[in-house]
Amino acid sequence: MVDGQTKPLRFLGDSLQQIRDFPEDARKEAGVELHKIQQGLEPNDWKPMTSVGPGVREIRIRDEAGAFRVLYVANIESAIYVLHAFQKKTQQTAKRDLDLAERRLKEI
């Protein structure tokens, strides 16, 4: 948090639209988790994604419609950057999803 205020969210590429396309419960949970991060708190279920880049984390959302992921980086002073959001179809995160997040991280 900067001066007791929440950090702004910056959505890169189509990440905001991807979250909007999540089923309602998963979309709401993504919003709650991102709000926690803005307040300097930890999301409920996350893991580091060092394969994408330093400081990148993955919010893990499980819903009856499937598994959803939001990749973000919060260790940059000015904002929380949402790099990518997607529905996970397999156990391993698809290389194209990791590559896309990595490209967007380089844009910051």
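Entry 1, ground rules. I am working with a predicted model, in which local features need pLDDT of at least 70 and side-chain atom pairs count only at pLDDT 80 or more, while totals for chains, interfaces and linings use all residues. Residues are numbered from 1 along each chain as its sequence is written, and side-chain values use heavy atoms, with hydrogens and water left out.

I looked up strand β4, residues 66-73 (strands are DSSP runs of E with at least two residues, helices runs of H or I with at least four, numbered from the N terminus). I noted that 7 of its 8 residues are buried, so β4 is largely enclosed by the rest of the structure (buried means under 20% relative accessible area with a 1.4 Å probe, protein chains only).

I found β4 paired with β3, residues 56-63, in the antiparallel sense over 8 bridges (pairing takes at least two DSSP bridges). Ile61 stands opposite Phe68 of β4, and a hairpin of 2 residues links β3 to β4. On to β5, residues 80-88, which runs antiparallel to β4 with 7 bridges; Ala67 has Lys88 as its bridge partner there, and the hairpin from β4 to β5 passes through 6 residues.

I then turned to the largest nonpolar core, which has 14 residues, with Ile19, Phe22, Leu34, Ile59, Ile61 and Val70 touching the most other members (a core is a set of buried Ala, Val, Leu, Ile, Met, Phe, Trp, Tyr and Cys residues joined through side-chain atoms within 4.5 Å). The elements giving it two or more residues are α2 (24-38), β3, β4 and β5, and α2 supplies the largest share, 4 residues.

Conventions: Buried means under 20% relative accessible area, exposed over 50%, partly exposed in between (1.4 Å probe, protein chains only).
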